[in-house]
Amino acid sequence: MIRVVLRKRKELLDNMKITVFTGNQLRHIAFVNALSEIADEVYAVQECKTIFPGKVDDIAQKSEVMKLYFDYVTNAEKKVFGKYSFFKDNIKTFAIKNGDLRYLSLEDIPEIEGSDYYIVFGSSYIKGSLLEYLIAHKAINIHIGVSPYYRGSACNFWAMYDHKPEYVGATVHLLDERLDGGEILFHALPKAERYNAYEIGMRAVEAVIRALQQKLKEHWDVTSVVKPESKLEIRLAKRKEFTDEVAARYMENLPEPDEIYRSLLNRDMHQYIKPWIME
C-alpha cells in the first residue's frame with residue numbers, strides 16, 4: 001500500500017523538504033528518487049524485506065508456485081523501474097525491519113519535523129502517536145488499487161483476477177484509522193495500451209508516482225475531497241486469501257493484452273474521481 005502526508009504550507013518555500021515512509025522494492029526506490037528530483041532534501045524511513053519474493057521465506061510465500069508468480073512480477077517491475085540502485089545524494093535513509101513502523105514514534109526520528117510534505121509509500125501500518133501526528137498534518141493515503149471498488153491487500157492483483165483491468169490504478173485519499181477508508185482526492189490510472197497481465201500493475205504505480213511528482217512540484221495542497229461510497233465495493237481482500245491455489249489459477253487464466261487494452265480504452269471515467277492518466 002502507498003500513503004502520502006501533506007503539511008499545508010502557509011507560503012511557498014524555495015527549499016523543499018520531503019519525508020517518505022516506504023519499502024525497499026524497486027518501485028519504492030524509484031518513487032523516492034523521483035521525489036528527490038523536485039526536493040532539496042528527502043528523508044526516507046525504509047522498511048526492509050526480501051527482494052527475492054517466492055525464493056526467501058520472508059512472508060510465507062516460499063513455494064514453487066509463488067516463486068514462478070513473483071518471477072513474473074519482478075520481471076515486470078524491472079521493465080518499468082529498472083534495476084536496484086543506491087539512492088541519490090540528497091536522500092537520507094533510516095532503515096528498519098518490515099513491520100517495525102508501528103512501534104516508531106516521532107521522538108525516534110525528530111529530523112523529519114518541519115518537512116513540507118510527508119509521503120508514505122508501501123509501508124506497513126502506522127500506529128500510535130506517529131499516526132496521530134500524520135493525521136493532524138493532513139495525512140494522505142495512496143492506495144495501490146482503485147478504491148472504493150477494491151480495498152485491502154493486493155488490490156490490482158484481484159482486479160486482474162476478476163478480469164476487471166479497468167479497476168487497476170491507484171487512489172490518493174486522506175489518511176484515517178480505517179483501512180483505505182479516507183476521503184478521496186484523485187485516482188491515478190495507466191494509459192490504455194496492450195500490457196501483459198503483470199506489467200499493468202506496475203504501470204499503475206508508475207502513474208501515481210508521476211502524478212504526485214507533478215502535483216508536489218506545483219506545491220499541491222489538499223483542497224477538495226470526496227467521501228467514498230462503501231456500497232460500490234467489489235472486493236475487500238485480505239493477505240491470507242492470496243494462496244498458492246489462487247496464484248496458480250490466475251496464471252492459468254491471465255487476461256490477454258487485447259482484453260486489457262479494450263477494458264482500459266472503454267473505462268467509464270465517471271467511476272473515477274479527478275482521474276489522472278499516465279501520458
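**Close-up views of a predicted model**

**View 1. The lining of the largest cavity.** Gly23, Asn24, Gln25, His28, Glu47, Lys49, Asn98 and Gly122 line the largest cavity. Keep in mind for this and every other view that the model is predicted. How many cavities of 30 Å³ or more does the structure hold? There is 1, and the volume of the largest cavity comes to about 30 Å³. Sort the lining residues by class and you get 6 polar, 2 charged and no nonpolar.

**View 2. Helix α1 beside helix α2.** Two packed helices are described by the angle between their axes and the distance between those axes. For α1 (residues 26-36) and α2 (residues 64-81), the angle is about 20° and the axes are 9 Å apart. An angle under 35 degrees counts as roughly parallel, so that is the label α1 and α2 get. The crossing in which α1 passes α2 is left-handed. On the α1 side, look for Leu26, Arg27 and Ala30; on the α2 side, the contact residues are Glu77, Lys78 and Phe81. This contact of α1 with α2 splits into 3 nonpolar and 3 charged residues, with no polar ones.

**View 3. Helix α1 beside helix α5.** Here α1 packs against α5 at an angle of about 15°, and their axes are 10 Å apart. These two helices are therefore roughly parallel to each other as well. Which hand does the crossing of α1 and α5 have? It is right-handed. In the contact of α1 with α5, 8 residues are nonpolar, 1 is polar and 2 are charged.

**View 4. Helix α2 beside helix α5.** The axes of α2 and α5 lie 8 Å apart, at an angle of about 40°. The crossing of α2 past α5 is right-handed. Which residues meet in this view? Val73, Ala76, Glu77, Lys79, Val80 and Phe81 come from α2, while α5 brings Glu199, Met202, Arg203, Val205, Glu206 and Ile209. By class, the contact of α2 with α5 has 7 nonpolar and 5 charged residues, and no polar ones.

**View 5. A cis peptide bond at Pro148.** Most peptide bonds are trans. The bond that joins Ser147 and Pro148 is cis, with omega at about 10°.

**View 6. A positive phi at His219.** Most residues other than glycine have a negative phi. His219 has a positive phi, near 60°. You can find His219 in the loop that runs between α5 (199-217) and β10 (235-237).

Notes
Residues numbered from 1 in each chain as written. Predicted model: local features only at pLDDT ≥ 70, side-chain atom pairs only at ≥ 80, totals over all residues. Heavy atoms only, no water. Axes fitted to C-alpha atoms, helices over the stretch in contact; angles between N-to-C directions. Helix = DSSP H or I, 4+ residues; strand = E, 2+ residues; numbered from the N terminus. Parallel < 35°, antiparallel > 145°, perpendicular 65-115°, else oblique. Left-handed = near helix turned anticlockwise from the far one by under 90°. Contact = heavy atoms within 4.5 Å. Nonpolar A, V, L, I, M, F, W, Y, C, P; charged D, E, K, R; others polar. 1 Å grid on protein atoms, 1.4 Å probe; cavity = no way out; pocket = protein on both sides within 12 Å on 5 of 7 lines; lining within 4 Å. Points joined across faces, edges and corners; volume = space filled by probe spheres on them.
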